[in-house]
Amino acid sequence: MTNSLDLTDASSQTAPRAGVAPRWLLNVFRANLVAQIGIVVTGGLVRLTGSGLGCPTWPECVDGSLVPTSRQEESWHKMIEFGNRLLTFVLAALAIAAIVGAVAWARKVRKSGAQPRRPITLLAAIPLAGTVVQAVLGGITVLTGLHPAIVAGHFLLSIVLIGACVVLVDRAQCPADRPVQYGVRAEVRWLANALVGVAAVVIVLGTIVTGSGPNSGDADVTHRFGFDQRLVAWLHADAVLLFVGLIIGMLLLVRVLGANATVQRAGWILFGVVAVNGLVGYLQLFAGLPWAFVATHMLLACLVWVATLRLRLAMTNRGNRRQWADKYEPVSVAAARRE
């Protein structure tokens with residue numbers, strides 16, 4: 001089998017490059033990714049423990065106080081909700097660190113005579129912008145009494161921000177933004193794109209299932225989506241089965257075509273995470289939606305999203321041909337070179 005690398009914009013190889021982001025900056029980007037996943041899980045705990053209105057006003061926790069007070073009727077729920085609000089400040093600090101670090105690195109690169117990587121700076125700005133929007137959405141969520149559509153939008157925006165952080169971490173580890181190189185055929189990339197699309201559908205249907213069920217976020221909240229929960233749960237399960245089928249097809253395809261080990265490993269990681277999440281998903285339904293199972297399901301849903309994006313990103317590299325070939329060439333080509 002011939003090497004399937006697809007090289008574009010090869011002329012840019014001679015241009016000075018900033019190179020891979022420094023380790024400290026990579027760690028800041030990774031911390032943003034972890035924090036974005038963490039805020040989803042803690043937000044889920046707020047909802048699952050019925051603490052969504054533990055702080056019934058916004059931006060104050062209760063009228064006249066930014067923090068919980070002893071006179072509140074929300075008992076321990078106020079501490080859970082307030083704790084989740086405090087994590088937003090941690091998220092904001094990491095987001096600021098990401099954009100400040102990216103700008104500082106760009107300035108250092110420019111002083112060295114190389115060309116800064118503008119896409120990294122733009123991507124690094126997304127967590128901060130998203131955190132601001134999330135803070136506003138969080139306020140609207142409280143002021144609308146945990147309307148399911150707003151709650152779902154709050155979660156889905158986090159999914160978008162997680163995706164942006166995954167791309168940011170991946171791009172920051174590439175030696176350059178161009179040339180763009182592919183280690184698999186176009187058909188495999190199309191299938192990977194379909195996987196990303198179906199994963200998004202699964203996540204959206206998951207929010208509809210939750211918004212149609214008992215986990216409203218507060219015992220006094222009665223308004224839910226007007227869907228039959230069993231019906232939307234079946235639709236969600238059907239979408240998951242389609243997703244699993246596409247993953248199996250992907251694993252077979254990359255194996256037959258001899259795709260590089262990085263892509264194959266990313267595919268198996270995705271399959272493993274989906275299998276575990278599917279098991280937890282069925283267990284939570286049969287067990288009556290206990291909060292621990294639902295929270296685990298949310299965490300695993302985030303990890304499925306991350307693994308799906310990483311599979312697609314593993315098929316593309318940005319940098320020079322030598323760096324790509326040494327690490328990402330097809331398995332058959334690597335074996336032939338060794339012989």
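Me: Which residues are buried in α7?
Reply: In α7, the buried residues are T262, V263, Q264, A266, G267, L270, V273, V274, N277, V280, G281 and Q284. Buried means under 20% relative accessible area, exposed means over 50%, and partly exposed is in between, using a 1.4 Å probe and protein chains only. Please keep in mind that this is a predicted model, where local features need pLDDT of at least 70, side-chain atom pairs count only at pLDDT 80 or more, and totals for chains, interfaces and linings use all residues. Residues are numbered from 1 along each chain as its sequence is written, and side-chain values use heavy atoms, with hydrogens and water left out.

Me: What counts as a helix or a strand here?
Reply: Helices (H or I, at least four residues) and strands (E, at least two) are DSSP runs, numbered from the N terminus. The protein chain has 10 helices and 3 strands, and from the N terminus on they run β-α-α-α-α-β-α-α-α-α-β-α-α.

Me: Back to α7, what should its 26 residues span?
Reply: Helix α7 covers residues 261-286 and should span 38 Å at 1.5 Å a residue. The expected span is 1.5 Å times one less than the number of residues. The end C-alpha atoms of α7 are 38 Å apart, which agrees.

Me: What happens at the ends of α7?
Reply: N260 caps the N-terminal end, with a side-chain oxygen 3.0 Å from the backbone nitrogen of T262. Just after α7, G288 takes a positive phi of about 85 degrees. Most residues other than glycine have a negative phi.

Me: How do α7 and α8 cross?
Reply: Their axes come within 9 Å and cross at roughly 160 degrees, with α8 being residues 291-313. The axes are lines fitted to C-alpha atoms, for helices over the stretch in contact, and angles run from 0 to 180 degrees between N-to-C directions. The two helices are therefore roughly antiparallel to each other; angles under 35 degrees count as roughly parallel, over 145 as roughly antiparallel, 65 to 115 as roughly perpendicular and the rest as oblique.

Me: Which residues of α7 and α8 make the contact?
Reply: Among them are V263, L270 and V280 of α7 and F293, L300 and A307 of α8. Contact means heavy atoms within 4.5 Å.

Me: New topic: where is D177?
Reply: D177 lies in the loop between α4 (148-172) and β2 (180-182). D177 is buried, with a relative accessible area of 13%.

Me: What does D177 touch?
Reply: Not counting residues up to four places away in sequence, D177 touches R117, P119, R171 and R318. With R117 there is a polar contact between the two side chains, at 3.0 Å. A polar contact is a pair of N or O atoms within 3.5 Å; within protein, one must be able to donate a hydrogen and the other to accept it, and residues adjacent in sequence count only if both atoms are side-chain atoms.

Me: Which two residues does the cis peptide bond join?
Reply: That bond joins R178 and P179, with omega about 5 degrees. P179 lies in the loop between α4 and β2, and P175 lies in that loop too.

Me: How far is P175 from A21 in space?
Reply: They are 8.1 Å apart, C-alpha to C-alpha, and 154 residues apart in sequence.
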